[in-house]
Amino acid sequence: MSRSNTVFIGRKPVLNYVLACMTLFKSGQSEIKVKARGRAISTAVDVVEVTRSRFMPDVKVADIKIGTEEITSEESSSPSKVSTIEITLKR
C-alpha cells in the first residue's frame, strides 16, 4: 500500500477528511488507510463513521491497528509516548 492511499488526520474539520476519503475511493482506490495519533484518534473514528453512514454505505472497515509511538520533543530530553490508530477501509 502506497502513501497515496493514506489519509492523515490532524486538526481540520471532520468533513475535510471525509471528502479526502471519498476522493480516494472515487479515483479508483479499493482500499484506503486513515491514520491518526493522540487527540486526533477520536476525529479519525468520526471520519470513518461519517464516511460509512452518510456518504458511502458500501465501504467496510477491513482492519483496525492500534499502537504506541515514542516521540522525543526538542524541549524535553525524555521521550513521551503517543497512541496511534490505523483504520483500513475497503470498498
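**Exercise 1. List the residues that Leu89 touches, leaving out those up to four places away in sequence.**

Step 1. The partners are Phe25, Ser30, Glu31, Ile32, Val34, Val48, Val59, Lys60 and Val61.

A word on conventions before we go on. Residues are numbered from 1 along each chain as its sequence is written, and side-chain values use heavy atoms, with hydrogens and water left out. Because the model is predicted, local features need pLDDT of at least 70 and side-chain atom pairs count only at pLDDT 80 or more, while totals for chains, interfaces and linings use all residues.

**Exercise 2. Describe the largest nonpolar core and find which elements supply it.**

Step 1. Such a core is a set of buried Ala, Val, Leu, Ile, Met, Phe, Trp, Tyr and Cys residues joined through side-chain atoms within 4.5 Å. Buried means under 20% relative accessible area, exposed over 50%, and partly exposed in between, with a 1.4 Å probe and protein chains only.

Step 2. The largest core holds 22 residues, and Ile9, Val34, Ala36 and Leu89 have the most contacts inside it.

Step 3. At least two core residues come from each of α1 (14–26), β2 (31–37), α2 (41–55) and β4 (80–90). The largest share, 6 residues, belongs to α1. Helices (H or I, at least four residues) and strands (E, at least two) are DSSP runs, numbered from the N terminus.

**Exercise 3. Work out the span of α2 and say which of its residues are buried.**

Step 1. The expected span is 1.5 Å times one less than the number of residues. For α2, with 15 residues, the first and last C-alpha are 21 Å apart, close to the 21 Å expected.

Step 2. Its buried residues are Ile41, Thr43, Ala44, Val47, Val48, Val50 and Thr51. An α-helix has 3.6 residues a turn, so residues three or four places apart point the same way.

Step 3. The buried residues of α2 pack against α1, β2, β3 (60–71) and β4.

**Exercise 4. Classify Thr84, Thr88 and Ser76 as buried, partly exposed or exposed.**

Step 1. Thr84 lies in strand β4 and is buried because its relative accessibility is 15%. Among the residues it touches are Ala36, Arg37, Ile41 and Lys65.

Step 2. Thr88 is also in β4; with a relative accessible area of 6%, Thr88 is buried too. Beyond four places in sequence, Thr88 contacts Glu31, Ile32, Lys33, Lys60, Val61, Ala62 and Asp63.

Step 3. Ser76 sits in the loop between β3 and β4. Its 31% relative accessibility makes Ser76 partly exposed. From Lys33, Ser76 is 43 residues away in sequence and 32 Å away in space, C-alpha to C-alpha.

Notes:
Contact means heavy atoms within 4.5 Å.
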